Amino acid sequence: MKKYTAQINNKQLVLVSEDQKEIGRIVELNKFFSSGHYIIFNSRSYDIKNVGFLKNDAELFNSKGVIYFTDLGKERIIKSGADVRIYNFKLSKTNQLFEKGKLLIEVITEEKKKLKYPIYHAEVDESVDDLLVLFFLHYSTQEFSSIGGDGD
């Protein structure tokens with residue numbers, strides 16, 4: 001298992017490995033009329049767009065198209081393209097992502113009174129793409145993701 005830590009720093013959620021190497025970051029974009037987020041990973045930028053009813057779902061995309069998208073109603077993230085994969089998630093005090101019943105990502109939120117922002121600890125299966133880790137971290141830590149709840 002890979003162990004990561006994420007912490008908010010200057011309106012960016014920065015994901016680092018155990019040896020403090022930066023994996024990537026989720027950046028909050030605030031413009032005069034709109035706001036949003038994007039991910040910086042391997043020196044590339046990936047946009048995140050909230051879509052669907054009440055904007056509860058998200059799409060991660062770049063110039064080549066959508067890479068991952070969520071389906072809150074069925075509690076899943078789908079990898080698009082030639083190698084389609086379906087991941088199921090559970091969002092609660094511990095946020096978890098599974099593929100075919102196998103736990104791939106577990107994110108635990110550590111909140112301390114002296115800290116302004118929570119710290120996220122992630123345990124990640126070796127097989128998982130770090131871009132998926134960043135997207136899941138973004139999606140599972142957003143306020144709207146708590147409205148999902150009980151599933152089917």
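Trainee: Which residues are buried in α1?

Mentor: Asp130, Leu131, Leu132, Val133, Leu134, Phe135, Phe136, Leu137, His138, Tyr139 and Ser140 are buried in α1. Buried means under 20% relative accessible area, with exposed over 50% and partly exposed in between, using a 1.4 Å probe and protein chains only. Helices (H or I, at least four residues) and strands (E, at least two) are DSSP runs numbered from the N terminus.

Trainee: Where do these values come from?

Mentor: This is a predicted model, where local features need pLDDT of at least 70 and side-chain atom pairs count only at pLDDT 80 or more, while totals for chains, interfaces and linings use all residues. Residues are numbered from 1 along each chain as its sequence is written, and side-chain values use heavy atoms, leaving out hydrogens and water.

Trainee: Back to α1, why is it largely enclosed by the rest of the structure?

Mentor: Because 11 of its 12 residues are buried.

Trainee: And how far does α1 reach from its first C-alpha to its last?

Mentor: α1 reaches 16 Å, close to the 16 Å expected at 1.5 Å a residue. The expected span is 1.5 Å times one less than the number of residues.

Trainee: OK, new topic. How many strands are in the closed barrel?

Mentor: The closed barrel has 12 strands, running from β1 through to β12 in order with antiparallel pairing. The twist averages 20° from one strand to the next. Two strands pair if DSSP finds at least two bridges between them. Angles run from 0 to 180 degrees between N-to-C directions, with axes as lines fitted to C-alpha atoms, for helices over the stretch in contact.

Trainee: How many bridges join β3 to β4?

Mentor: Seven, and the two run antiparallel. Asn30 stands opposite Ser35 in β4.

Trainee: And which residue takes a positive phi in the hairpin of β4 and β5?

Mentor: Asn42 does, near 50°, in a hairpin with two residues between the strands. β4 and β5 pair over five bridges, in the antiparallel sense, and Tyr38 has Asp47 in β5 as its bridge partner.

Trainee: Which residues have the most contacts inside the largest nonpolar core?

Mentor: Ile39, Tyr68, Ile77 and Ile105, in a core of 34 residues. α1 gives the most to this core, with eight residues. A nonpolar core is a set of buried Ala, Val, Leu, Ile, Met, Phe, Trp, Tyr and Cys residues joined through side-chain atoms within 4.5 Å.

Trainee: What does Ile105 touch?

Mentor: Not counting residues up to four places away in sequence, Ile105 touches several residues, including Leu132, Val133 and Phe136. Contact means heavy atoms within 4.5 Å.
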